[in-house]
Amino acid sequence: MGKVTIEVYQNHNSKSESYGKYYGHAVQASTIDEKTLCKHVAMDSGVEESEVAVVYDGQLKQVKELLCNGHAIKMEGLGTFKVGISSEGVSVADVQKRYPHFDPETEDICKYLTAKQVKSAHLLFTPCEEIKMALCSVKFETDKSEWAAQMNAEKNNV
């Protein structure tokens, strides 16, 4: 079972319905780079660290290439990675302005949408059930004195 530390923060956005409420967010213990990850895998598997690094590099290269060519990558025991996009919306009036012959009653607007409307791409990750279940067993803890100190500070500022 894992353990994650949380920090408390207060919503200071006066336009929000949640203004003034306190929330927790997870604190990263650290960031593990690929060399450290390969070292952990080597210790756990009994394979040489250099061999793990070669496989890791090869897998990373292939994942990038396949994602950039529209494939989703399902990694058993981890989850699925796929490309998502943000795009500009287009109205029927926009299409009619650009293509005066367009008739929304008889034509499908989809054939007039183009890749030019894509603003950006991002990576989507969906964890597998095993990871979801593992996250359910994580214990969360906070320094209660930190919480109390923050609440007292807020009371004194009011």
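This is a predicted model: local features need pLDDT of at least 70, side-chain atom pairs count only at pLDDT 80 or more; totals for chains, interfaces and linings use all residues.
Student: Why is the contact between Glu 141 and Lys 3 called a salt bridge?

Tutor: The term requires a side-chain nitrogen of Lys or Arg within 4 Å of a carboxyl oxygen of Asp or Glu. For Glu 141 and Lys 3 the N to O distance is 3.8 Å, so the pair meets the rule. The pair links distant parts of the chain, for Glu 141 lies in strand β6 (residues 139-141) and Lys 3 in strand β1 (residues 3-10), 138 residues apart.

Student: What makes Lys 3 exposed, and Glu 141 partly exposed?

Tutor: Exposed means over 50% relative accessible area, buried means under 20%, and partly exposed is in between. Lys 3 has 58% relative accessibility and therefore counts as exposed. Glu 141 has a relative accessible area of 37%, so the label is partly exposed.

Student: How many salt bridges does this rule give?

Tutor: The count comes to four. Among them is the bridge between Lys 132 and Glu 129, with an N to O distance of 3.5 Å.

Student: What separates Lys 132 and Glu 129 along helix α4?

Tutor: These two residues are three residues apart in helix α4 (residues 129-136), which means that about one helical turn separates them.

Student: How do you know whether Lys 132 and Glu 129 count as exposed or partly exposed?

Tutor: The values are set against the limits of 20% and 50%. Lys 132, at 35% relative accessibility, falls in between and so counts as partly exposed. Glu 129, at 52%, therefore counts as exposed.

Student: What is the order of the strands in the open sheet, and how do they pair?

Tutor: The open sheet has three strands in the order β3-β4-β5, and their pairing is antiparallel.

Student: Why are β3 and β5 called edge strands?

Tutor: Strands β3 (73-75) and β5 (118-127) are the edge strands: each pairs on one side only. From one strand to the next, the twist averages 25 degrees.

Student: How do you know that β3 and β4 pair?

Tutor: Pairing requires at least two bridges between two strands. Strand β3 and strand β4 (residues 79-87) have three bridges in the antiparallel sense, so they qualify as paired. In β4, Gly 79 is the bridge partner of Met 75.

Student: Which helix packs on the sheet, and which strands does it touch?

Tutor: Helix α2 (residues 49-68) packs on the sheet and touches β3, β4 and β5. The direction of helix α2 makes about 140 degrees with that of β3.

How values were computed: Residues are numbered from 1 along each chain as its sequence is written. Side-chain values use heavy atoms; hydrogens and water are left out. Helices (H or I, at least four residues) and strands (E, at least two) are DSSP runs, numbered from the N terminus. Buried means under 20% relative accessible area, exposed over 50%, partly exposed in between (1.4 Å probe, protein chains only). Axes are lines fitted to C-alpha atoms, for helices over the stretch in contact, and angles run from 0 to 180 degrees between N-to-C directions. Contact means heavy atoms within 4.5 Å.
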